[in-house]
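Try each task before you read its solution.

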Amino acid sequence: LGIPCTSTEDAAVAKNLGISFTKVIETLPDGLEKVINSGEFTGMTRQEALKALTQQARNKGLGGDLTSDKLRDWLISRQRYWGTPIPVIHCQACGTVPVPYEDLPVVLPKVTAFTGKGASPLENIPEWVNCSSNSLELLFLFYTLIFSIFFPIIVFFRPFNKDMADYWMPVDLYIGGKEHAVMHLFYARFLSHFCHNLKMTKHK
């Protein structure tokens, strides 16, 4: 963000261009970052100063905690037709139930007309919305929601071999573009925490 005292790269640019700057962060021998030359925030840790500044902005009606809808758009709310179908059905007799194992995988129908408006295009396909099961001869209503394209269908079967996952994970190095790295790692971390909480893996 162009703050020389917190970035060696920005400091090098400032030095090469002859731009003076005030040092506002001091790193102590124990690694703790303290705020200096910052008025009433001087002496606070970097995190304490961030919280104090945020609260002050909130009190003055000038701002507050940073929020963003950018990542949320890549989650289930995206509702893209070609994402992963959620294998859940609404049964008139037994409520909301998972698709029977023998009826997996769930394959999305082909959609030829897209309006780009309203809900998922799946809602306009009668054979999808009102489907039948080979196992349960009842009327079902399939979920018209889908997961993002980043969410693999494989999780609905056997996601992975635990011994192999514990051997190979966590990943040591990820190589890729910034945008994909951010989103892939966002999903990977979520799934990793989820699997760890279910005691499916030994690593977080």
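**Exercise 1.** Decide whether Y167 and W168 are buried or exposed, then classify their ring pair.

Solution. This is a predicted model. Start with accessibility: exposed requires over 50% relative accessible area. Both Y167 and W168 are exposed. Next, look at the rings. Their centres lie 5.0 Å apart and their planes stand at 90°. Planes over 60 degrees apart count as edge-to-face, so the Y167 and W168 pair is edge-to-face.

**Exercise 2.** Classify the ring pair of F190 and F194, and find where both residues lie.

Solution. The ring centres of F190 and F194 are 6.3 Å apart, with planes at 20°. Planes under 30 degrees apart count as stacked, so this pair is stacked. Now locate the two residues. F190 and F194 sit in helix α5, four residues apart, which is about one turn of the helix. Residues three or four places apart point the same way, because an α-helix has 3.6 residues a turn.

**Exercise 3.** Compare the span of helix α5 with the expected one, and list its buried residues.

Solution. Helix α5 covers residues 178-197, 20 residues. From first C-alpha to last it reaches 28 Å, close to the expected 28 Å. Its buried residues are A181, M183, Y187, S192 and C195. Just after α5, K199 has a positive phi of about 60°.

**Exercise 4.** How do strands β4 and β5 run, and how many bridges join them?

Solution. Strands β4 (residues 88-91) and β5 (residues 95-98) run antiparallel, joined by four bridges. C91 has G95 in β5 as its bridge partner. The two strands, β4 and β5, form a hairpin with three residues between them.

How values were computed. Residues numbered from 1 in each chain as written. Predicted model: local features only at pLDDT ≥ 70, side-chain atom pairs only at ≥ 80, totals over all residues. Heavy atoms only, no water. Expected span 1.5 Å × (residues − 1). Buried < 20%, exposed > 50% of the residue type's maximum accessible area, 1.4 Å probe, protein only. Phe/Tyr/Trp six-rings, centres within 6.5 Å; stacked < 30°, edge-to-face > 60°. Pairing = 2+ DSSP bridges.
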